Amino acid sequence: MRRFHGFAGLAGLALATFMAVTGFVLSLQPLLDAVTTAPVGDAPSVAELAGLVAEQVPGVERLARSASGQLVAYAFDGTARSADIVDPTTGGVIGTYAPSAFFTFFTELHRSLFLDWAGHGAAGIASLGILALSLSGIGLLVRKMGGWRQLLARVRGTGPQRLHTSLARAAVIALLLTAATGTYMSAAYFELVASSDSAFSFPPAGEGAVPAPIASLEGLASLPLSELRELVFPAADDASDVFSVTTATGQGYIDQATGAFLSFTPNSIWQQVYEFIYLLHTGQGAPLLAALLGLGALAVPTLAATGAAIWWLRRRAMPRIAHNQPPREADTVILVGSESGSTWGFAADLHKALSAAGHRVHIAAMNELRPAYPRASRLFVLAATYGDGAAPASARQFLGRLKALASRPAFAVLGFGDRSFPQFCAYASQVEAALAAHGLRPLLPICGIDRQSSADFAAWGRSVSEAIGAELTLTHIPPRPRTTSFVLDERTLYGVEVQAPVALLRFAVPKRRSGLPAWLGGHDHRQFEAGDLVGILPPGTDIPRYYSIASSSREGLMEICVRKQAGGLCSEFLHGLAPGDAIEAFIRPNPDFRPERSRRPLILIGAGAGIAPLAGFVRSNRRRPIHLFFGARDPGSDFLYRDEFQEALAEGRLTSLTTAFSRVLGGGYVQDRLLDEAGALRDLVRSGAQIMVCGGRDMANGVREAIDACLMPLGLSVQDLKREGLYLEDAY
Amino acid sequence: MKKLAAMLMLATALVAPGVAVARDVTIEAQMVRYSGHAAYLAVYLTDPSGAYRSTLWVSGHKTKYYGTLRGWVRGVSQAGSISLDGISGASVGGGQTLTVHADLADALIDAGYTIHVDTAVENGGEFADDAVIEVTSNSASVDGSGYIDKLSISM
């Protein structure tokens, strides 16, 4: 489905965008009509009105009423033809009718591109394309979000992914409606559906008696004006000619002497269907619908651009594999289940290392599992997880194909995921269980890589080395953005007295701009928000360490808190910095860890150096009540941001500050304070509060348990809040 | 400019049985240049009293639009039914010329008979008697008032 969605999307991009833009322009017409058409007061009956018009418009031949209620009288006075807008109450001429050349042009452009049937065909294909994209997009979204119920949950992912998903979610109903109705109208044009044409019959001749006054004609008097579509007057010099009337429900003829209906042909069911679909597609006479459809159409160019960007970024992330062995020759097989393409980078590194060690290695997507690998003695499966534990794109068919596998190589499964998701490496676990059930012998127990960690991958490489008895060095670093130099401006040290040194470092933001624009998935190193990550490369290493940023680039500085870890290469390097020293670093946006835009309360829970991004949120807060829980060791030593928080409390940017210090008498952990404040927390959650947690993994787990305990009486859990995007974690 | 030519075989009393008493009349309707859908046209003959006598040609295939050719429809309905077999063809776009050939009996020529052309365009205008020209032995032409730029007759 993803492949179809991507391919059809790219192929039809230009056409769909064209149809959407012209469609948007046309959606303005009903809105304009609604504004310019005079509201109908106490309208007379069709008979009265026709009489009034006949008196005031000499030589009137027909009276047409548009969907917006506008009445136009067409006349021929013997020398000149005229078309006038008439007042529905008085029948008097209001002005000359001139159809808008602008909308006429766009209507034709939208319907047929001025290419007659070929253009109609292209328009039909575009409709069908948008319909297929909307449906496959919904399918993808359901899978990505982990089910129908989560369809409206918070979107995760990169900039273009989030924009694409959010926009599509808002516009999809309108797009489905436009595309489905457009497709039907095209099918009707090519006569692929039952004909909606009214059957034509020549009008019957009237009695030819002396015509009665128009206002007295019963057939016309019985007709409400709102039902009228068109009224054709009989020829002036022909007593046997008849009134021809088209209404919302059919078409008939009325004798001009007796006023009786000579015949009436009701619309066929297919004609009614077509008219309804025409109304849904054009919104003519229904300005609200037109506005909805217009807004939906307006989303299409952006959806096309972001869709193309996602496709291109995914494609770019695929590495080229050198010396890939055919499956029959290989002694080692690597299968890759990747969603975004990032897993391929790790797999390529494994392929390179194994090849260098003298193995004949075949690498392929998991979907390309063969029935047999005659020479293979080892199988490595590297699998990401998609959404709520589903197979990633390149592995969807794997479990089905596994049933046919005849070979029995020893296997090792490596999962890729994010520990902050509940289903960490869930799909990889499924694969491991299925391989074991199929009778394959495990070479290594399953292992998980958290957030593309190079360190996790290198560690797994060492286990593989031991298991296969060959020296492998796995050093894959996910394709990293180019680094920029940040110069240290200021350094403050905390926590030395309590054996937990934390350095608060402030770097100047560099002046130079680089990379792709943000909406195409690139990012500017000068632009970041509190909560984004900075990847820092200590000298002599290629493996970045990530720190949460406490400041926003608008402040002109990049601020982080670094806890010194014994033997930690990067933290020791950073602690050793003096003002004026430079580091090599890059910004990694972390859009999933940001407070939502709202006025509802925000609960921030942090411990130690994990307070950094939370302090940033408090600093930029203007209107939300923020309740901050902070855990440290000793208020006299490692109370980071103490003065800043006091100031924020005084200024109202912070509503409450609750601290927990573990090294003082009667102290405790931040979890304990949460349990103390359970009642207050419940009230906050009930009023829609969002919770954000930052700190070490143990602390995050402890906080989760504490919050679960607090929420129990509400029948809620952290899991429920996470689904709504109301519980965000940044744990390390 | 695309020429639409059509041969007309009228099996009515209007057409003389022998070549000697009938003339081949050529009617050309030159359309104005306009954008939009191709036009529906009805070309028909009326007698000196103005009564409808016969249909020479109808352009356009979807019968649901025939009702918009008012003058013609009125004439046909008073005369009774009509068969369009062999005297209908494609609708005519802006700037094109419709050419109709008809064998008319000598008795109809220079005798006050007139040829009427009604035109109509989907989502556009409707013109009964867009152009009207008398059937004369001399070539003649008149200007149209709607989608027809010029209507001419020759034999």
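Predicted model: local features only at pLDDT ≥ 70, side-chain atom pairs only at ≥ 80, totals over all residues.

Me: What makes B:Glu126 and A:Arg62 a salt bridge?

Reply: The rule asks for a Lys or Arg side-chain nitrogen within 4 Å of an Asp or Glu carboxyl oxygen. Here the N to O distance is 3.0 Å, so the pair passes the cut-off of 4 Å. Between chain A and chain B, five salt bridges are counted.

Me: Why is A:Arg111 called partly exposed?

Reply: Buried means under 20% relative accessible area and exposed means over 50%. A:Arg111 has 23%, so it's partly exposed. Its salt-bridge partner, B:Glu122, comes in at 25%, so that one is partly exposed too.

Me: How do you know that the pair of A:Arg111 and B:Glu122 joins two chains?

Reply: Look at where they sit: A:Arg111 is in helix α3 of chain A, while B:Glu122 is in the loop between β7 and β8 of chain B, so the link runs from one chain to the other. Their N to O distance is 3.5 Å.

Me: Which label, buried or partly exposed, goes to A:Arg653, and which to A:Glu651?

Reply: A:Arg653 has a relative accessible area of 14%, so it's buried. A:Glu651 has 48%, so it's partly exposed. Their closest N and O atoms are 2.8 Å apart, and they form a salt bridge.

Conventions. Residues numbered from 1 in each chain as written. Chains lettered and ligands numbered in written order. Heavy atoms only, no water. Helix = DSSP H or I, 4+ residues; strand = E, 2+ residues; numbered from the N terminus. Buried < 20%, exposed > 50% of the residue type's maximum accessible area, 1.4 Å probe, protein only.
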